[in-house]
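Please have the sequence and the model in view while reading.

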Amino acid sequence: MTDTTTAPAEHAAETDAAAGGAPFVEVPALADDDAALFAGDTGVLPYEARRALALVLQRRYLSAAAHPGEWKALLAHQNVLASRCHDLFVELVVDRDYEIAYKRQVREAGLSIPVLLKDEPYKRVETLLMLFARNRFRQEQGAGERAAHVDAEELVDYALGFLAADETNLAARRREVDNAIATLVREHVLDEVAEGRYRVQPVVEILLPVERLRELTAWLRSPSTEPPTAADHDDETEPVDEDEESRA
């Protein structure tokens, strides 16, 4: 009786190969789809590293405290992520002491560089609040505290203390201070931990390093002058959004 059972494809291929011929069916090698996260994905970085890069580009900064997984991935893939930023004429700055990463626009004499990030000076009230927050941060660090906090009324009192002696529209000035606080919260210079109470983030040290304080102090004594370039967002710039006037 004739055996009509079909031989497995693997056996048939082996038989053909043993006979010196090519296999009847060649099974193509499977592509490594482990890194693919969506249809058509050609990226090669793992998920956490991609998130780290996206967050650095999206936000003013990425911190280890707020995003520990992405921070770890950023350190593990720092060279590759820096290279990706360089392709966009953007510098990736990683401060391991404060565990913060941020971006900076590359500017090079002789190169015509499309500017993706913009420098935008802080308003006077925002700068005042950052000075107060930075001083509190340094005081708490000196006392051995792991965190520094400020209250909304402290910030308001400090800023209003710089008003001109003939200022009469206190309600408008108070609104300016409230808006400045909201801006610093939005940019994660301050994080609200309870109503009217904020934790000062270490990024304030980067925005206002020691060498800038003398210029800022002189500027604050001259209300009519524009902020010095040292108070600009040199280290913390943002993507340009032509359809949106406000900071993201």
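How many aromatic pairs does the structure hold? In this predicted model, the structure holds 2 aromatic pairs. Phe132, Tyr158 and Phe162 together form one aromatic cluster.

- The structure holds 2 aromatic pairs, and one of them is tilted, because the rings of Phe132 and Tyr158 have planes at 45 degrees, with centres 5.0 Å apart.
- This pair links distant parts of the chain, as Phe132 belongs to helix α5 (residues 124–142) and Tyr158 to helix α6 (residues 152–160), 26 residues apart.
- Phe132 has a relative accessible area of 16% and is therefore buried, the limit for buried being under 20%.
- Tyr158 has a relative accessibility of 25%, so Tyr158 counts as partly exposed.

**The pair of Tyr158 and Phe162**
- Tyr158 also forms an aromatic pair with Phe162, which is edge-to-face, with 65 degrees between the planes and 5.3 Å centre to centre.
- Phe162 counts as partly exposed because its relative accessibility is 34%.

**Asp41 and its polar contact**
- Asp41 lies in the loop between α1 (9–18) and α2 (47–58).
- With a relative accessible area of 14%, Asp41 is buried.
- The side chains of Asp41 and Arg50 are joined by a polar contact of 3.0 Å.

Note on methods
Residues are numbered from 1 along each chain as its sequence is written. This is a predicted model: local features need pLDDT of at least 70, side-chain atom pairs count only at pLDDT 80 or more; totals for chains, interfaces and linings use all residues. Side-chain values use heavy atoms; hydrogens and water are left out. Helices (H or I, at least four residues) and strands (E, at least two) are DSSP runs, numbered from the N terminus. Buried means under 20% relative accessible area, exposed over 50%, partly exposed in between (1.4 Å probe, protein chains only). A polar contact is a pair of N or O atoms within 3.5 Å; within protein, one must be able to donate a hydrogen and the other to accept it, and residues adjacent in sequence count only if both atoms are side-chain atoms. Rings of Phe, Tyr and Trp (its six-membered ring) pair if their centres lie within 6.5 Å; planes under 30 degrees apart count as stacked, over 60 as edge-to-face and the rest as tilted.
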